Each structure stands twice: as structure tokens, then as C-alpha cells.
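Please look over the structure shown below together with its sequence. The briefing that follows is grouped by topic.

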Amino acid sequence: MDEKLLAGIGDVAATSLITLYCHALETISDNPILSDPKSVEITTELNKILSHSAQPLEKSLAYGTLDMNLVVHIAIRAKKYDDYARDFLKKFPDGVVVNIGCGLDSRFLRIENGRVLFYDLDLPEIIALKRRFFDENERYRFIASSVLDYRWMVQVRQHTGPFLFMAEGVFMYLDGKDVRSLVLEIQKTFPGSELVCEVVNGFWLSSPFLKKLIDYKLQRQVHLGKSAHFRSGIRDSREMEQWGSGKQFLDEWSYFDSGETKLGWLGMFGFIPFIRKIQWTVHYRLNLSSG
């Protein structure tokens, strides 16, 4: 494997490696929350390079020393987003799913129904690495682009839908104005589409003390670079409805809603609203008018 494929990955893009390794570690654990054999295959190959690295994050990945609470949370999230995709495809078996910030995720393989048209969208350096492990076909396609370069929508717009856009662990790394602009552009270009996205509580980001706690976790405990920090959030699940007319809030989901026993004593925090929604997921329908 060419080491140069990994050399160009920036701090934010490196979060995709963490997600991948969390999937793999959970898959090989006892009573796994998520079954993702492709992640095990990929990490086995990547370990040949990362095991020789002096970088703290890459060493942590290669030697499987990630915080197991992080592994469990990422696995719970992936399982829920798979469920969102499956529920959408039950209603629309021929629907179009766009996985924004896909990383090295194998969601297409996990939710494949023989009819879905599935797009994986991520930065060029991530898609270049993804091509090393995945093959495109007539129903599974890659788009190498920043999500903020709206030219990617031209390719997806060739289809009639219905459309489901998924942003798992993406929006918090973007500026708030860019998130809002992106949501409005998706609404305008794909009226009637659905959006499932993970968000961070804006109150935590507006508090210098709480923001430092989040940055500490990302940069000291997870070993992400300084460029990987949360930039935006929302105050409540219906906030996007205030960004103009035509957006319908459908539902919300928190890690604590899973009832997963592997959360252990952390599950108690699900009864504390202030903590229950530090990070959570919102589900919207984006209708005709953007206001």
C-alpha cells in the first residue's frame, strides 16, 4: 500500500480513520453493537503502515488503544444511521442516499437492498484512499469534493430521488454559516428530500470553559490535530426550522436512546438533559420553499 495516500490526510479528515477503527474494534468485540467486517479488513491493511508511525493518533489506532467509550459511542451512532437509511429504503426502495463525509465507512454494504443508488461524498484525499478498498458500480458511486463546493450536487441532481442526505459527525466541524448555507442549498436543489445529521449543542460551544473541555477531549484524549475542533452547533432540535420556511422537523435521537448496555454507568447521564444533548441527531424533511 502506498504510504502517500495517508500522508495528505488533514486533521479533520483524520476523524474518518478514528470512525473506521472504532467500527473494527467493536466488530471483533464480544456481542458487537455493529457488524462491519469490511472495517476489519481495511484496518488490518492500514496497520502495516500505521504501526510504524510516531504520531500519537496513528499509534493509538494501530495498537487498538482507543478509548473504549468512544468505540461504543461511534458504533451506536453507526448502527442508528444504518437504521435511518434502512427505514428510508423501506419507504423508497429505489431511493438515492448521499453519505456526506463518508470517510472509509461501508454503509452501502451494510444497507444494500439491491435497488438503492448510493453516493459516498468526501474530500479528494479520503476518496483516493477509499478507492484502494472499495469498487464503484452502477449503484454505488464516489464524489471527491468538499461538501461546501456545491458542484457535487450536479451529479446527484441527475436522478429523480427521493433523496436522503446523511451527515454523521460532519456539521460540527464546519462554520455555522456554512452549515446553514448547505442545508438551504440542499433544500432548494432537492425539494422534499430528507436530512439526517449529527449536531452539537451550541451552548457548550459558546461557553469558553465547556469549549475547552471539548477541545481537550478531541486533541489530548483522541489525539486529533489542532485544526480538528468543533466550530458550530444548534441550541435545540427545531432550530433549523427557523432558517426559513419549508423545513419540517421529524424526530431526534441521542446515544442514550439506544438503551445499549455497553454504555455502562455512562447511561445514567441520559437522564440529565444538559448532558443528553451535548451531541445528538436531528431528522428533517426539506420541502419546496426555502423562504
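In which helix is the place of Asp82? Asp82 has its place in helix α5, where helices (H or I, at least four residues) and strands (E, at least two) are DSSP runs numbered from the N terminus. This is a predicted model, in which local features need pLDDT of at least 70 and side-chain atom pairs count only at pLDDT 80 or more, while totals for chains, interfaces and linings use all residues. Residues are numbered from 1 along each chain as its sequence is written, and side-chain values use heavy atoms, with hydrogens and water left out.

**The chain as a whole**

- The chain holds 12 helices and 7 strands, and 52% of its 291 residues count as buried, where buried means under 20% relative accessible area, exposed over 50%, and partly exposed in between (1.4 Å probe, protein chains only).
- Of the contacts (heavy atoms within 4.5 Å) between residues at least 6 apart in sequence, 72% join residues at least 24 apart.

**The sheet**

- An open sheet of mixed pairing is formed by 7 strands in the order β3-β2-β1-β4-β5-β7-β6, two strands being paired if DSSP finds at least two bridges between them.
- The edge strands, each pairing on one side only, are β3 (140–144) and β6 (247–253).
- Neighbouring strands of this sheet are turned against each other by 20 degrees on average, direction ignored; axes are lines fitted to C-alpha atoms, for helices over the stretch in contact, and angles run from 0 to 180 degrees between N-to-C directions.
- Strands β1 and β2 run parallel and are joined by 5 bridges, with Val97 standing opposite Phe118 in β2.
- On the β3 side, β2 and β3 also pair in the parallel sense, over 5 bridges, and Asp122 stands opposite Ala144 in β3.
- In contrast, β6 pairs with β7 (residues 279–286) in the antiparallel sense over 6 bridges, and Phe249 stands opposite Tyr284 in β7.
- Strand β2 (residues 117–122) is largely enclosed by the rest of the structure, because 6 of its 6 residues are buried.
- In a regular strand the side chains alternate between the two faces of the sheet. From β2, Leu117, Tyr119 and Leu121 point one way, whereas Phe118, Asp120 and Asp122 point the other way, and all are buried.

**Helices**

- Helix α5 (residues 68–91) lies across β1 (96–100), β4 (163–167), β5 (193–200), β6 and β7, and runs at about 175 degrees to β4.
- Helix α2 has 13 residues and reaches 18 Å from its first C-alpha to its last, close to the 18 Å expected at 1.5 Å a residue, the expected span being 1.5 Å times one less than the number of residues.
- Helix α2 is mostly covered, with 13 of its 13 residues buried.
- The 14 residues of α3 should span 20 Å at 1.5 Å a residue, which agrees with the 20 Å between its end C-alpha atoms; the buried residues in α3 include Lys38, Glu45 and Leu46.

- Leu61 touches Leu17, Ile18, Tyr21, Asn47, Leu50 and Leu66, residues up to four places away in sequence not being counted.

**Two aspartates**

- Asp82 is buried, with a relative accessible area of 2%, and, leaving aside its neighbours within four places in sequence, Asp82 is in contact with Leu34, Arg107, Arg110 and Ile111.
- Asp257, found in the loop between β6 and α12 (273–276), is partly exposed, with a relative accessible area of 39%.
- Not counting residues up to four places away in sequence, Asp257 touches Glu252 and Arg276.
- The C-alpha atoms of Asp257 and Ile76 are separated by 9.9 Å, although these residues are 181 residues apart along the chain.
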